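Please open the model in a viewer and follow the selections below in order. Each stop names what to select and then describes what is found there.

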Amino acid sequence: MSDFLASPFMHNIFSGLAQGVLYSLLALSLVIIWQSTHVLNFAQGAMAMFATYIGMTQIDRGVPYWWCVIISVVVGMAFGGLAERVLIRPLYGKPEINPIVVMVGFLGVIEALAAGIWTSTTRNIASPFSQIYFHATNGQVILLSPFVIFQVILAVAIMLGIAALFRFTKLGLQLRASALAPEVARLLGVRVGRMLTIGWILASGVGAVAAVIIASGTFGLFPTNMDGLFVAGFIAAAVGGLESPIGAITGGLLIGLAEQFILSYWSATLAPLGGIIILVIALMIRPQGIFTKTVGRRV
Amino acid sequence: MGWLQSFRSQQTTRSRIICVLALTILALAITFFLPPVADSQLAGGAAITIVILGLSWLIGWSGQISLGNSGFMAVGAYTAGIWAHHHNSTPLIFTFVFAMIMGAISGLIIAIPSTRLRGPYLAGMTLAFSAAITPLAQNFTSITGGEGGLFFNELTTPSWFLHLFSGPDATINANAQWTADLAVVVAGVMFFVMANLFHSRTGRAMRLVRDNDVAAELMGINLPLTRSLAFMIAAAFAGLGGALYSVINATVTPSTFPLTLSITLLTLMVLGGIGTLSGAVIGGIIYSFSANLVQHINSLTGVNPASNLGANMQGIIFGALLILTMMFAPTGIAGVWPPLKRLVRRRRRLVTTNSVH
């Protein structure tokens, strides 16, 4: 058994899934925003990065790790709400290019500002979990560490929490109603405007969790550290059709695995191509996304 | 004055030639009076103008958004670099044509899966492409030179041009200016091509596809073909711009065309005016002198340019400008002219009617 866990194949499965859950988290946050406001938030990763900088640099002032995590997530949520109110709300009803361009501009501002305030050098944040891999009984390495297990458990918990929120609570019902039929929801007394903001707040919280995990791991924290994650997360969301949370999570895991197998059997620098290959194949088969229901386009 | 009237109202090919020639000659004349540093900045701006022309065409006229133009630039630049590496004596114009062809091919490769996509999907897909170029360039070291990149031979300034200069820095001045003049001429030619494309049958079809694709399809326009063509043309322009850019700088590395360059390009295009020819030129000029502009803003606000914040000021300013322009003046700088012209014309008409009474 331990021989099997330490085999190269299982190495790839473990690393791929560990990376994949992060992609899934970011993809999930993109899907939540897309469902609520039909905007693809290009600044999602950068906003989360900025919130993580604000939260995690508090460690230097002696604040405990877990408090820093909470600060990061709360700041991230506040960012999301603010971005929706200030940047996106004035653009409803405008051509769909406008919000994309605005969020791309926001991405540029945040990354430059972060580099201006905290420099571009990588910071490593000490996490409370060890990053040293487990060993099998015969001394072989199993590519799992306490931190990786924490990473996967936290990500899965967040996903389940979001699913439960949407499925079982009154707020979730209102959120779904305003995404599906805003006019009807408004007539039935749902405050749709507020729901859109809450959608952004939730999504940015999820994104911030992903950024905190990335920053605490071996990757570290630097102003562009979420760029790769955003591209992979977007691809994961697009493979699923931008509307399906399950599709986004599956897409994220698939891309994580694909990248890991390319890295291990082909070349490390080419690993980012894994997602793009999957995207092209998925778009060729079903351009509207693998997990979406077919909807007629009104002429 | 009848000639001027027809020139302004009809926008015929002849009037376009005259207009572009006048603009190019003006730009060439200006290079004579600029110091060498400003000349090289202008050369870079001319290369960027070509890329923005393509982007403006793609976003403004075909309604497809692309964040991958830095990727197309890289394709053109590497084509030129790899070709120059093996065939040193190839005339520059052939290198540029190759860069355009390779750019167009890469545009087609992106367009095939993308033409069925809309808005955000397309933006993300092109972003992914532009993110994939850097690892490709880093990986195939034997062809691309890896991290170190490729080097071009310095441009040789013809001797007749050298003779125009005298003084201690004659060669430096002549070289810088020759580079700038070359870039300006290439940009002028591409400006003319794009001006004609805007008003061509394809250009009109493109606008119809953008505004109402169902109507376009009923008119017999092949949607995927038209959309792919828009991508190929934009990518060819970006490829040429990238090749020109790296020929000017005599080098191409994986970090020459980062993702942030796509954001810069988008900013310049939106600032100048989406879908306008003059907007592309304005964007190019802003790019040329953005370093000076940022320096000026740094000194105005009292930010130390050597500090961290000062070094990142350009990104902050460009991003903020992109947001503000898009929210408050989505037509950009070029969009200021038409309402102004209408205002002037209305006033003039008022004056004439008054004088009749």
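Select helix α9 of chain A, residues 192–216, in this predicted model. Of its 25 residues, 21 are buried, so α9(A) is largely enclosed by the rest of the structure. From first C-alpha to last, the helix reaches 36 Å, close to the 36 Å expected at 1.5 Å a residue.

Next, select Ala210(A) and Ile235(A). The largest nonpolar core holds 200 residues, and these two touch the most other members. Keep Ile235(A) selected and display its surroundings. Leaving out residues up to four places away in sequence, Ile235(A) touches Ile255(A), Gly275(A), Ile276(A), Ile278(A) and Leu279(A), together with Ala128(B) from chain B.

Select the residues that form it: 39 come from chain B and 39 from chain A. On the side of chain B that touches chain A, at least two residues are supplied by each of α6 (119–139), α13 (259–272), α16 (308–311) and α17 (313–328) of chain B. Which helix gives the largest share of this side? It is α6(B), with 13 residues. Coloured by class, the side of chain B that touches chain A shows 28 nonpolar residues, ten polar residues and one charged residue.

Stay in chain B and select helix α3, residues 36–61, then centre on Ile50(B), which has its place in this helix. Is Ile50(B) buried or exposed? A residue counts as buried if 20 or more other C-beta atoms lie within 10 Å of its own. Ile50(B) has 32 C-beta neighbours inside 10 Å and therefore counts as buried. Beyond its neighbours within four places in sequence, Ile50(B) is in contact with Ala187(B), Met190(B), Phe237(B), Leu240(B), Gly241(B) and Leu244(B). For Met190(B), 140 residues apart from Ile50(B) along the chain, the separation of the two C-alpha atoms is 6.6 Å.

Residues of α3(B) that make the contact include Gly44(B), Gly45(B), Ala46(B) and Ile48(B); from α14(B), Gly279(B), Ala280(B), Gly283(B) and Gly284(B) are among them. The residues of this contact divide into nine nonpolar and nine polar, with no charged residue.

Two backbone positions come next. In chain A, select Thr119(A), in the loop between α5 (97–118) and β1 (134–135). Its phi is near 65 degrees, a positive value in a residue other than glycine. Thr119(A) counts as partly exposed because it has 14 C-beta neighbours inside 10 Å. In chain B, select Ala250(B), in the loop between α12 (223–249) and β2 (251–252). Although Ala250(B) is not a glycine, it has a positive phi of about 60 degrees. With 15 other C-beta atoms within 10 Å, Ala250(B) is partly exposed.

The last stop is Leu225(B), which lies in helix α12 of chain B. Leu225(B) is exposed, with 12 other C-beta atoms within 10 Å.

Conventions
Residues numbered from 1 in each chain as written. Chains lettered and ligands numbered in written order. Predicted model: local features only at pLDDT ≥ 70, side-chain atom pairs only at ≥ 80, totals over all residues. Contact = placed C-beta atoms within 7 Å. Helix = DSSP H or I, 4+ residues; strand = E, 2+ residues; numbered from the N terminus. Nonpolar A, V, L, I, M, F, W, Y, C, P; charged D, E, K, R; others polar. Expected span 1.5 Å × (residues − 1). Core = buried A, V, L, I, M, F, W, Y, C linked by C-beta atoms within 7 Å.
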